[in-house]
Structure formats: structure tokens, C-alpha cells
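Here are my notes on the aromatic contacts. Please read them beside the model.

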Amino acid sequence: MKMFIRAIILMGCTMFTFSQTEAVKLNIESAVELALKNNLGLESESLKMEQKKWANCTSWNQFLPAMSLSASISRPNKTDEDRKITIEKGTLSTYGTPGTPAYYTPDDIDTDESLPEWYAGFNLNMQLTLNAAMFFNVYNTALDYRSGVLSLETAKKRVLRDVKKSYYAMMMYQKNIELLGENVINAENRYKQSAANRQNGTATEYSVIASQVTLENLKISLAELENNYQTALIRFKQMIGLSDKAVIEFDGTLEFAEMEFDADSLIEKYIDNRLDIKALSISKSVLGNMRNIYLSSLTPSIIIGFTADPKFQHDLAKQEDWYPNSESDGKDWTDNWAQTNGALTFTASIPIGTYIPFSKEQMNIINNEYSIKQIKNSIAQARQAGELEIKSDVMRLNKTAKSIKSIELTVQLAEKAFRMAEDAYRLGTRDLIDVENSENELNKANIMLLQERINYISAFIDLQYAVNDELKLINGGLR
């Protein structure tokens with residue numbers, strides 16, 4: 001009967017009342033794997049990192065020239081009379097776009113012609129500006145990508161830390177429920193024993209009522225603990241990306257070998273490996289690169305330009321002008337199009353205003369120097385805070401390891417005292433209150449031991465995060 005009741009209690013702690021459920025067996029590694037795969041916060045950080053990765057891979061595109069291509073058709077605001085011209089013998093023809101050579105007229109012909117009513121043209125512009133700032137901008141993109149990679153790593157380590165702590169918290173809930181369930185079973189047995197003793201005349205009605213009150217209070221406490229567990233379990237499922245219908249079986253242990261750590265050696269080895277210090281170091285590199293960009297504004301720029309603007313030299317409305325007959329009129333098809341302003345240019349541009357004291361560029365350099373000093377100070381502060389965090393975690397670990405050994409002895413003594421009080425109560429030599437007091441002391445000791453073990457695990461996980469290393473030094477369930 002006792003084992004049956006205990007099984008019912010444990011089943012109530014790990015199952016929801018759904019018609020269809022999904023059974024999942026989790027150890028600490030699989031829980032972390034699920035969280036890294038399904039956590040929405042990590043997905044967001046991963047998308048940001050991918051965006052910065054693409055920006056880094058394509059940062060060379062700023063060396064592409066600015067290019068534009070346009071086509072136009074235009075009609076001058078002139079009457080037919082205004083467009084008439086006379087080309088004298090042997091002169092250079094200005095037929096088409098004014099100022100553009102097309103052909104020479106024969107020496108013995110005067111020609112009366114009209115300017116085209118419609119003009120067509122194309123325009124191609126390319127310009128490339130080269131300066132030192134462009135190369136530093138490429139490096140700035142690379143630093144931004146490194147920052148994105150570190151942000152994703154930080155998010156993963158934070159999720160790993162939180163999932164591990166939540167996993168062991170769930171196991172602590174289960175263990176507490178199991179301990180309280182055993183207390184309920186023991187209280188129920190004492191209530192039945194008191195009722196039987198009352199019928200035999202060896203116990204008072206007060207003893208029966210007192211044992212019943214104790215039993216009912218324990219049931220209420222157990223129900224509240226189960227409700228808290230279910231609430232925490234829902235949050236844990238969301239953290240690792242499982243549905244609410246999933247029934248989790250935790251495959252782990254709270255048993256481990258306590259070890260002592262040396263804070264100074266950990267600080268010396270891992271202080272520069274901390275995530276916050278790495279992030280500040282990248283920020284310092286970004287500021288240093290920005291200083292180079294600001295200094296580059298004082299250096300010359302080389303501008304390479306190319307322009308092509310072919311224009312049609314004849315009347316678009318006349319089909320014969322599109323295909324001239326070189327034998328009959330002396331024209332060649334290449335005379336249809338001609339350049340007006342096309343050219344290849346090389347320009348050196350030297351900034352002048354940037355050398356004026358207290359100009360915007362000069363102030364950017366000065367402000368950048370202050371920012372670099374501030375980030376150096378922030379790194380020093382982060383190192384101090386990191387050293388304090390590592391020392392605090394180590395002190396907590398070492399203190400908890402010693403406390404666990406003391407509490408384990410207390411549990412053994414309390415359990416022995418409870419068994420002795422329970423045997424004496426059955427023989428009638430001890431009162432019920434003595435048994436309940438002994439059981440309360442045993443419960444306190446068990447809960448203290450369980451809490452200290454969780455404290456040790458939590459402190460160890462915090463130390464792993466503080467030094468940014470797995471520190472796989474603990475045997476058993478924690479690794």
C-alpha cells in the first residue's frame with residue numbers, strides 16, 4: 001500500500017491531464033541541446049550574426065564604382081523656320097547636334113538643310129573614389145562581425161547556464177515532493193495507529209485529532225509544492241522548446257564529488273577569457289579603428305571618372321538617316337553617333353577644411369581619444385568585477401562543500417533519532433509529539449542537504465559562466 005501511494009504521488013508530479021502526451025527522457029546534455037536548438041532568443045541572435053556575416057563577406061563592394069546609365073529623347077523648342085540652316089561649299093557640317101562634326105560637304109555644293117526635330121542620346125557615368133578610410137571601413141565591418149559572433153556565443157552560454165540551473169531545480173522539486181510524500185505516508189500511518197490505539201484505550205482522542213491535523217496540513221503542503229513544480233515545469237519546457245503536453249522524465253542525479261577550488265589560479269588563467277572582457281576588447285578595437293577613419297579624413301582622395309555620352313546626329317523621324325549610303329552621300333554609319341563630353345578623368349582631392357582647428361573632423365579625433373580612455377577604464381573595472389565574481393563563486397563553492405559534509409552527518413543522526421522515536425511510540429513509551437518532532441528535524445535536515453547540494457551545483461554553473469569554461473572536474477550527474 002505504501003509503495004502504491006508513493007507511485008501515485010510521483011505520477012501526479014510529472015504528468016498533465018491531457019488525452020495525448022509525448023514522453024521525453026532528458027539528461028542534462030539533451031536538455032542543453034534542445035535549448036540551443038529551439039530557444040527563440042538564440043534564433044534572434046543567430047539571425048543578427050548571419051546578417052553581419054553577409055556584411056563582412058561583401059564589404060569589398062565599396063570599391064565598386066558608382067555607375068549610372070541613362071537614355072533620353074528631346075525636342076528643341078524651335079519652329080521649322082528656326083531649324084533651317086545653310087551649309088556652304090566645303091565647310092564642316094554642323095548638321096545634327098551643334099558643334100559636333102558629321103561630314104564635309106563637297107566643294108561645289110551649297111546645301112540647305114534643317115536641324116533635327118528630335119534628338120536621341122545615351123549617358124554612361126562611372127566614378128570611383130579611393131581613400132584610406134575605405135580600407136579601415138572594411139576592417140570595421142570585420143570587427144562588427146566578430147562582435148556578432150561573440151554576442152551569439154554569450155547568448156548561448158547564458159542559455160546553457162540557465163537551462164542547467166533550471167534542470168537541477170526541477171530535480172530538486174521532484175526530490176522535495178518525494179520527501180514530503182513520504183511524510184504524508186508516515187503521517188497517515190500514525191493517524192491510523194492513533195485511531196487503533198484510541199479504540200484499544202491506549203491513546204487519547206487528542207492524539208487522534210492531532211495526528212489527523214498533521215496529516216491534513218502535510219497534504220496541503222504537498223499540493224502547493226506540486227502546483228509550484230508544475231508552474232516551474234511549464235517555464236522549463238518553454239525554455240528548451242518542448243510542448244506543454246510533453247511528459248519529461250529527468251535522467252540525472254544530484255550526487256557528485258565535492259571539490260575545492262583556488263580562486264587566484266582561476267583568475268590568472270581565465271580572467272581575460274570572460275565574455276564581458278572580450279566584448280569590451282572588441283569595442284576598444286572598434287574605437288581604435290574609428291580613430292584611423294577620422295585620421296583618414298585628413299588624407300587626399302583619388303577620384304577616377306569615366307563618362308560616355310553618344311548622341312544621334314541626325315533626324316530620328318527620317319528613316320534614311322539611320323542607314324546612310326556612303327557611296328551616294330559620302331556619309332558613313334559611324335557618323336550617326338558622336339561624343340560631346342565623354343572623357344576619362346583622374347582627380348586628386350586634398351581636404352582643406354579638415355585642418356582647421358576645432359573643425360568637426362578635428363573634434364571627432366579628440367572625442368575618440370576620450371572614448372578610448374573610457375573603454376580602457378571600463379576594461380579595468382570589468383576585470384575587478386570579474387575577479388570579485390570568481391572569488392565569490394569559489395568561496396560559495398568551498399563553503400557549501402564543507403556544509404554538505406556536516407549536514408550529511410546531521411541527516412544520519414536525525415534519521416536514527418526518528419526511527420528510535422517511532423519504535424518507542426509503537427511500544428507506548430514515547431508520545432506522538434516526540435515522533436512528530438523527530439520527523440520534523442529529519443525533514444529539515446534532508447531539505448537542508450538537498451538545498452546545499454543545489455547551491456553547490458548552482459555555484460559551480462555560475463563559476464563556469466564566470467570563467468567562460470566548462471571546468472569538467474565534477475563526477476556523477478554534474479559535468
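**Aromatic pairs and charges over rings**

1. Tyr167 is buried, at 1% relative accessible area. Buried means under 20%, exposed over 50%, and partly exposed in between (1.4 Å probe, protein chains only). Tyr168 is buried as well, at 2%.

2. A word on the basis. This is a predicted model, where local features need pLDDT of at least 70, side-chain atom pairs count only at pLDDT 80 or more, and totals for chains, interfaces and linings use all residues. Residues are numbered from 1 along each chain as its sequence is written, and side-chain values use heavy atoms, with hydrogens and water left out.

3. The structure holds seven aromatic pairs. Rings of Phe, Tyr and Trp (its six-membered ring) pair if their centres lie within 6.5 Å; planes under 30 degrees apart count as stacked, over 60 as edge-to-face and the rest as tilted. One of the pairs is Phe63 with Phe135: centres 5.1 Å apart, planes at 50°, so tilted.

4. Phe63 sits in the loop between helix H3 (40-57) and strand S2 (66-74), and Phe135 in helix H4 (residues 132-200), so their pair ties together parts 72 residues apart in sequence. Helices (H or I, at least four residues) and strands (E, at least two) are DSSP runs, numbered from the N terminus. Phe63 is partly exposed, at 26%. Phe135 is exposed, at 53%.

5. How are the rings of Tyr167 and Tyr168 arranged? Their centres are 5.5 Å apart and their planes at 85°, so the pair is edge-to-face.

6. Arg161 lies over the face of Tyr465, 4.4 Å from the ring centre. Lys373 lies over the face of Tyr370, at 5.7 Å. The criterion: NZ of Lys or CZ of Arg within 6 Å of the ring centre and within 35 degrees of the ring normal.
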